[in-house]
Amino acid sequence: MSLPDEQASPTERPPVARRAQRTLRAWQVWAITFAIAAPLLAAFFTRNPQLYDNDAYYHLAVARTYFREGLIDDLRWTRFSAMADGFGDKELLFHLLLAPFAGLARDPVRGGQIALTLLLAALFAALSVAARRTLGGWAILLPWAIAFSSTELAWRWVRLRPELLSLLLLVCALEAIARRRYRLLGAIAALYALSYTAFHAFVGLCGLIFLFGGWARRRWEWPLPLYAAAGTAVGLLVHPHFPKNLEIWVLQTFEYFRYRAVLDVGTEITPNYTDVTLMVNLGWALGLCVLWLSSRPDPTAETRPSDADLDRRLADAYGVAAAVFSVLYLLMSRFSLYALPFATLWVLDSIRARGRSIGGRTRLPWSRRAVPLALGAAFCLAVSAPEALRQWKNYDLRTQAGPGRVRLRDREAFSAALPPGALVAAPWQQTSIYMLWAPQALYLNVLDPVFLAASDPARHAAQASVFSGEEPDVPLAVAVALDSQFLAYSPYAGLDLLTARLEHDPRVAIRHRLHGFNLLWTMLPDRNDAFILDWFELPSQQGEAPPTAAKLDAATLRRYPRWPVGRGTRVEAYVDTRRLDDRRGCVTLAHPIAESEPRRMEAELAPWGPSTVGLDGNEVAGIGGEPKAVLGRGVTFVLELAAGDHLLTVRTCPGKDEKGPRGFYLRRVD
């Protein structure tokens with residue numbers, strides 16, 4: 001967007017930014033911004049007793065452990081994660097900075113809120129200083145305007161994550177690059193490598209700025225990439241977990257793409273819908289347009305040639321950063337954290353690099369008329385207000401304690417229900433909360449599913465199957481595949497099918513359920529006596545007309561393979577016909593019954609796919625569709641057994657997905 005080089009009237013007042021800049025230096029802008037932001041942010045975050053993001057509880061748990069025990073070498077809570085044997089803490093410096101807040105505070109969550117306040121206030125101050133050359137003292141308001149006008153960015157600023165420290169260090173690095181302070185850049189690079197896993201992004205960004213300067217400006221400044229690379233190498237080598245930190249980096253940076261198809265990583269690594277992106281960022285985009293249309297030639301620009309060079313270098317540095325992270329933002333929504341601030345600073349530095357400054361009036365597009373800048377700013381805020389208020393309500397809903405502080409009481413009761421050393425199967429997303437509130441227990445994985453998928457693919461597949469509800473025999477999978485005594489999760493995570501599987505299963509017992517915020521189930525061995533597990537496979541040619549018990553020659557038939565001796569034998573209850581072979585069609589199984597006297601037996605058939613039950617060649621019950629083997633949702637029937645021998649048969653077929661589970665539960669309920 002270009003503007004005519006109109007000259008300011010001699011009688012016109014100096015531009016807004018230049019008037020404010022006369023009285024405020026950089027350190028003053030930093031101090032004032034921090035002094036204003038810290039109490040306001042503290043009041044905002046401490047209104048409610050919870051943090052917005054689950055990952056924050058993981059960071060607090062690690063920081064609290066560092067404070068109490070010093071640096072730990074293994075992440076003991078995650079038994080099967082790649083970080084279990086050799087931590088390789090990828091956010092070491094962030095956790096060390098967080099340690100006193102998590103360890104000294106009686107409530108580590110409150111300590112985390114104070115730490116988030118200070119970190120975000122420091123980031124606000126850095127952004128204000130970076131914008132000061134164009135906006136002057138008005139730069140103090142810039143972070144608040146961005147947060148209000150882009151709710152997607154605000155949604156990420158309220159999270160206690162190392163990304164905030166990453167953004168702060170990147171802003172400092174770009175300022176150092178523009179000022180040719182390469183030794184300082186090297187120090188920042190070392191800190192970045194100790195603070196955040198994506199150190200390659202730091203080196204890559206510096207390399208791209210170097211290439212842009214050489215290609216577009218004909219300035220090949222070799223100290224730039226060399227100091228960035230050297231500082232990063234130093235940070236990696238002095239890491240106390242070296243070389244495990246590099247192993248974790250490889251897993252999260254490269255192996256992630258190998259396993260991406262099977263990872264449940266949430267929505268932040270996927271792009272937003274176009275309408276969502278426009279809705280949450282419309283006020284921000286309009287605000288940049290208003291600032292650009294409010295710029296005018298600065299009569300003092302020709303008197304500051306050294307400033308002009310710095311202005312151009314700043315615009316180049318922030319422009320490259322904005323371009324890189326904007327492309328990444330289009331691919332993954334999480335990069336809005338970087339794309340929007342860098343784009344804002346690029347626009348501001350571009351205004352100044354063109355020899356312009358912000359005036360008091362905003363030119364209307366395609367018109368010679370202008371309106372006061374304050375009116376344009378008010379319009380942007382009005383556009384942003386509905387979405388900002390909606391997201392504020394969402395924030396409060398997620399961070400409030402609920403009536404009678406029920407959410408906090410739920411977590412305290414959950415922790416009390418777990419004995420020390422308890423082996424717990426839990427989703428990786430909720431393990432962060434459990435690590436802080438119930439650190440005495442041991443879980444599966446945390447923070448990223450790739451750490452389990454890469455280190456133990458079989459267990460990762462079992463975990464995914466259990467929590468998706470696709471595993472028909474949950475107690476068996478939890479006890480054997482996941483080597484756990486307890487099963488924990490939040491039903492609000494969309495795990496209704498899993499809960500339905502457990503509600504009527506005699507092999508589990510609910511250990512904790514307070515208003516349903518977190519559920520804790522205990523696996524009970526030796527509670528599978530009611531399930532009929534001894535079966536013979538009938539040949540396919542006999543499937544349509546099962547033999548009677550008198551004609552059944554069990555010696556010639558294949559016995560259904562039970563689980564080998566061990567914990568599985570004491571827990572299994574589901575008859576998984578996939579153990580017989582890899583056929584995808586229907587299977588008929590037979591179970592001989594010998595009665596010395598007449599007996600009435602009531603039973604439930606809960607199959608995965610369409611199935612029928614027969615007695616002595618006569619069909620007695622059936623169920624169609626795809627009930628997915630949920631106990632309590634099957635078909636209940638009564639068998640009138642006369643004295644003598646009988647043959648109970650079940651013919652079961654696969655569901656809609658022929659490659660999916662096949663089998664059934666058959667249990668006595670009398």
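The crossing of helices H9 and H10 is right-handed, a crossing being called right-handed if the near helix is turned clockwise from the far one by less than a right angle, and left-handed if anticlockwise. The model is a predicted one, in which local features need pLDDT of at least 70 and side-chain atom pairs count only at pLDDT 80 or more, whereas totals for chains, interfaces and linings use all residues. Residues are numbered from 1 along each chain as its sequence is written, and side-chain values use heavy atoms, with hydrogens and water left out. Two packed helices are described by the angle between their axes and the distance between the axes. Helix H9 (residues 182–195) packs with H10 at an angle of about 155 degrees, and their axes are 8 Å apart; this makes H9 roughly antiparallel to H10, since angles over 145 degrees count as roughly antiparallel, those under 35 as roughly parallel, 65 to 115 as roughly perpendicular and the rest as oblique. The axes are lines fitted to C-alpha atoms, for helices over the stretch in contact, and the angles run from 0 to 180 degrees between N-to-C directions.

Helix H10 (residues 199–216) contains Leu 211, which is partly exposed at a relative accessible area of 44% (buried means under 20%, exposed over 50% and partly exposed in between, with a 1.4 Å probe and protein chains only). Leu 211 also belongs to a nonpolar surface patch with Leu 208, Trp 220, Trp 222 and Leu 226, and together these residues have about 560 Å² of accessible area. Such patches are made of residues with over 30% relative accessible area and no salt bridge, nonpolar side chains (Val, Leu, Ile, Met, Phe, Trp, Tyr) being joined within 5 Å and like charges within 9 Å.

Across the protein there are 23 helices and 18 strands, assigned as DSSP runs (H or I, at least four residues, for helices; E, at least two, for strands) and numbered from the N terminus. The C-alpha trace spans about 115 × 55 × 55 Å along its principal axes, and 56% of the 670 residues count as buried.

In helix H21 (residues 474–481), 6 of the 8 residues are buried, so this helix is largely enclosed by the rest of the structure. The buried residues are Val 474, Pro 475, Leu 476, Ala 477, Val 478 and Ala 479, and H21 is followed by Asp 483, which has a positive phi near 50 degrees.

Salt bridges, defined by a side-chain nitrogen of Lys or Arg within 4 Å of a carboxyl oxygen of Asp or Glu, number 33. One of them joins Asp 53 to Arg 159, with the closest N and O atoms 3.9 Å apart; Asp 53 lies in the loop between helices H2 and H3, and Arg 159 lies in the loop between H7 and H8, 106 residues apart. Both of these residues are buried. A further salt bridge, at 2.6 Å from N to O, is formed by Arg 507 and Asp 473, of which Arg 507 is placed in the loop between helix H22 and strand S7 and Asp 473 in the loop between H20 and H21. Arg 507 is buried with a relative accessible area of 0%, and Asp 473 is buried with one of 2%. The side chains of Glu 503 and Arg 513 likewise meet in a salt bridge of 3.1 Å, N to O; Glu 503 lies in helix H22 and Arg 513 in strand S7, so the pair ties together parts that are 10 residues apart in sequence.

Key. Accessible areas come from the Shrake-Rupley method with a 1.4 Å probe; for residues, only the protein chains shown count as cover.
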